[in-house]
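Here are some notes to read alongside the model. They take a few residues and a pair of helices in turn.

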Amino acid sequence: ERLAEAYIDQGQDGKAKALLEKHLASESLNANGYLLLAAFASAEGDFHAAESRCHEAQTRGFNTPEVRQMRGQLQLVRNQLDHAKATLQSLASDTEKVALGREARVYLAYLAFRESDRKTLRSLEAAAKENQSVDGQWGETHFHRALLASLDEKPAEVFDYLRAARKDLPENAAVRVLLASQHRQRGDHREALETFDSVTGLMRHWAPCLLGRAVALHALGESGQAVQLVSQMHERGIYTKESLQLFRDTAYASNHANEGEVAQTLLEEQFPGQADVRLFRATQAMREGAWLQAQEVFANLARQFPED
């Protein structure tokens, strides 16, 4: 693997990859060799192959913290959230690789936040406090407090805690994504975009980062670039309500009604109980002058959502 790394340092990635694959075939790779092959696959956008390399490393006995870290990140990028949680949890209590354990807990906290899971957040916050006494790091605690403040709808506290967290965790994608989202909520789309864009490496392909960049670009009038980013998500089978709505609205605005209709149909299939999703069909019918169709949709909505 040292020769492969030398090739990489010289910009000869092709030679490095060929050498590593030769060692792979002869089952003579070490953990770092598997990680290098996973990195090559990630750079080519083949996240499934990249994770497979990590899995191969583990089955070959190289279940190192670094291999689990990369596999956990790849599972996040692939939106395999249950698998990601299990992998990250195996790192969260690592006492030898303190920084990797901290990073794992931060991602676990972000996932718990997305599910409004206060119990898990409190548990992770307690673990963070225990680790403060080891390395004096407060960033993780600040991040947990930001998440809890967000659930409690205290935006000023969220922003202050996140800025403090970033000082100690400057490279963590979850911290940057949440801070960028706060800039967006404040209406500062340019600062939001710059913060989203500061996420580098593998986690730049993480759905919250892709979608955040897309929404900021759309708000800044760069709809074409925004659609390209959400399309990257959709091509990997990752759909969110916001990504589909952005794609749909942009498609209709650019006179691509067929693509807009596909996105709207997906929204209705995946979010059937949400009135605002169905309401779009009525407002779109009104824009097109189809008044009877609009009335029918409004009537159905009134029956389905009488309290709204």
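**Notes on the predicted model**

1. Arginine 176 is buried, with a relative accessible area of 7%. The model is a predicted one. Arginine 176 counts as buried because its value falls under the 20% cut-off. This arginine lies in helix α11, which covers residues 173-185.

2. What does arginine 176 touch, not counting residues up to four places away in sequence? Its partners are Arg166, Pro170, Glu171, Thr195, Ser198 and Val199. Leucine 162 is 14 residues away from arginine 176 in sequence, and the C-alpha atoms of the two are 8.4 Å apart in space.

3. Threonine 87 belongs to helix α6, residues 81-92. Is threonine 87 buried or exposed? Its relative accessible area is 11%, so threonine 87 is buried. With neighbours within four places in sequence left aside, threonine 87 is in contact with Arg68, Arg71, Gly72 and Gln75.

4. Leaving aside neighbours within four places in sequence, leucine 76 is in contact with Leu81, Ala84, Leu88, Tyr107, Leu111, Met203 and Trp206.

5. The last point is a helix pair. Two packed helices are described by the angle between their axes and by the distance between those axes. For helix α14 (residues 223-235) and helix α15 (residues 241-253), the axes come within 10 Å and cross at roughly 135 degrees. Because of that angle, α14 is oblique to α15. The crossing of the two helices is left-handed.

6. Which residues make the contact between α14 and α15? From α14 come Ser223, Ala226, Val227, Val230, Ser231, Met233 and His234. From α15 come Ser243, Leu244, Leu246, Phe247 and Thr250. Seven residues of this contact are nonpolar, five are polar and none is charged.

Technical notes: Residues are numbered from 1 along each chain as its sequence is written. This is a predicted model: local features need pLDDT of at least 70, side-chain atom pairs count only at pLDDT 80 or more; totals for chains, interfaces and linings use all residues. Side-chain values use heavy atoms; hydrogens and water are left out. Axes are lines fitted to C-alpha atoms, for helices over the stretch in contact, and angles run from 0 to 180 degrees between N-to-C directions. Helices (H or I, at least four residues) and strands (E, at least two) are DSSP runs, numbered from the N terminus. Angles under 35 degrees count as roughly parallel, over 145 as roughly antiparallel, 65 to 115 as roughly perpendicular and the rest as oblique. A crossing is left-handed if the near helix is turned anticlockwise from the far one by less than a right angle, and right-handed if clockwise. Contact means heavy atoms within 4.5 Å. Ala, Val, Leu, Ile, Met, Phe, Trp, Tyr, Cys and Pro count as nonpolar, Asp, Glu, Lys and Arg as charged, and the others, Gly among them, as polar. Buried means under 20% relative accessible area, exposed over 50%, partly exposed in between (1.4 Å probe, protein chains only).
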